[in-house]
Amino acid sequence: MTPAVKQCLSRIAPSLALLLPLLSGCNRISDQPDIVWGKRGVRDGEFIRPRAAAIDRENRLFIVDYTARIQVFDLNGKYLGPTWTTPDYRNGRPSGLGIAKDGNLIVCDSHYHCVRLYSPQGEELRKLGGVAGSEPGQFGYISDAVQDDEGYFYISEFGENDRITKLDSEGRFIKNWGKAGESPGEFRRARALALGPDGLLYVADAINHRIQAFTRNGDFVRCIGSSGTGMGELRYPYDLAFDHKKNLYVVEYENHRVSKFTIDGQWLGCWGQPGREPGQLASPWALAVDRKGRVHIIDTENHRVQRIDF
């Protein structure tokens, strides 16, 4: 057993400090967000269960919701337009967004086994994948995708295939890794991806209630978190992102909060608790961090966005 595997397994047995219950929520900076915006609806600027977000280099915030609409906002929630949808969403809606190396939008068309790349104005530029299956170059349910500075794409799947696939900049298959399971390097619903400032690929391993870090060649490095509601513990991490200070933020679907860690996994605090009021969250799916370090939380079942300076 390698030292990295021993480190990951040791986190399954939480320390006494991690067992401290969060009786009054876990807000550490302020109970109140900077701003709260959005409401339930199908007009421009409204949402039905928003589920993924990404911020580009022009400070545009892209959000996709359960109606398959992709909308564009500024960082204060002002609707900029345009609004568009994927070509077909009768089988299901996209569940992951990202920004490509060239600044275009990555859209994970989850139920159609492909990744689509769009201009910021909503023009579809190309498609990666599209054939269902488990062979190289085929995909099941695609949950998220990111692209590194060298142009390689990393795509996460769960369900039929619990794995990460690496493609080159043209979409050609390089390799994949992972399988269903609980051991280090295995996944149970790999929900989201983030490229860390240390060059590693971080995976939100939702049902295993942890974050796993890999080299970009698929070698396991470490994991962060274990199942629970205490400090440093996670319940269904659904998304993750880094700020300019190398801090890691994780949105937790079942704990209705955002947790903050150092890049090596030291817990720094958390924000949020269940509810409908500002400063409270209802099954949040996603987050995005801007260049100022502000966290934009996709408060899914409240059909809104909350921004915090964590």
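# Briefing on a predicted strand-bearing model

Strand E12 (residues 163-167) and strand E13 (residues 173-177) pair in the antiparallel sense over four bridges; strands (E, at least two residues) are DSSP runs numbered from the N terminus, and two strands pair if DSSP finds at least two bridges between them. The model is predicted: local features need pLDDT of at least 70, side-chain atom pairs count only at pLDDT 80 or more, and totals for chains, interfaces and linings use all residues. Residues are numbered from 1 along each chain as its sequence is written, and side-chain values use heavy atoms, with hydrogens and water left out.

**Confidence**

- The protein has a mean pLDDT (the predictor's confidence in each residue, from 0 to 100) of 92, and 90% of its residues reach 70 or more.
- Over residues 9-24 the pLDDT stays under 50, and for this stretch the model has 26 contacts (heavy atoms within 4.5 Å) beyond four places in sequence.

**Strand pairing**

- An open sheet is formed by four strands in the order E1-E24-E23-E22, with antiparallel pairing.
- Strand E1 (35-37) and E22 are the edge strands, each of which pairs on one side only.
- On average, neighbouring strands of this sheet are turned by 20° against each other, direction ignored; the axes are lines fitted to C-alpha atoms, and angles run from 0 to 180 degrees between N-to-C directions.
- Five antiparallel bridges join E23 and E24, and Val 305 in E24 is the bridge partner of Ile 298.

**Nonpolar cores**

- A nonpolar core is a set of buried Ala, Val, Leu, Ile, Met, Phe, Trp, Tyr and Cys residues joined through side-chain atoms within 4.5 Å; buried means under 20% relative accessible area, exposed over 50%, and partly exposed in between (1.4 Å probe, protein chains only).
- The largest core has 27 residues, and Leu 61, Ile 63, Val 295 and Ile 297 have the most contacts inside it.
- Among the elements that give two or more residues to this core are strand E2 (52-55), strand E3 (61-64), strand E22 (286-289), strand E23 (295-299) and strand E24 (304-308).
- E22 gives the most to this core, with four residues.
- A second, separate core of 15 residues includes Ala 192, Ala 194, Ala 204 and Ala 213.
- Not counting residues up to four places away in sequence, the residues that Ile 297 touches include Val 251, Trp 271, Leu 281, Leu 287, Val 305 and Ile 308.

**Salt bridges**

- The count comes to 19 salt bridges, each defined as a side-chain nitrogen of Lys or Arg within 4 Å of a carboxyl oxygen of Asp or Glu.
- Glu 301 forms a salt bridge with Arg 49, and their closest N and O atoms are 2.9 Å apart.
- This pair links distant parts of the chain, 252 residues apart: Glu 301 lies in the loop between E23 and E24, and Arg 49 in the loop between E1 and E2.
- Glu 301 is partly exposed, with a relative accessible area of 24%, and Arg 49 is partly exposed, with 25%.
- Asp 65 and Arg 69 meet through their side chains in a salt bridge (2.8 Å, N to O), and both residues are buried.
- A salt bridge also joins the side chains of Asp 205 and Arg 210 (2.8 Å, N to O).
- Asp 205 counts as buried at 0% relative accessibility, and Arg 210 counts as buried at 6%.
- A network of salt bridges links Asp 109, Arg 116 and Glu 124.
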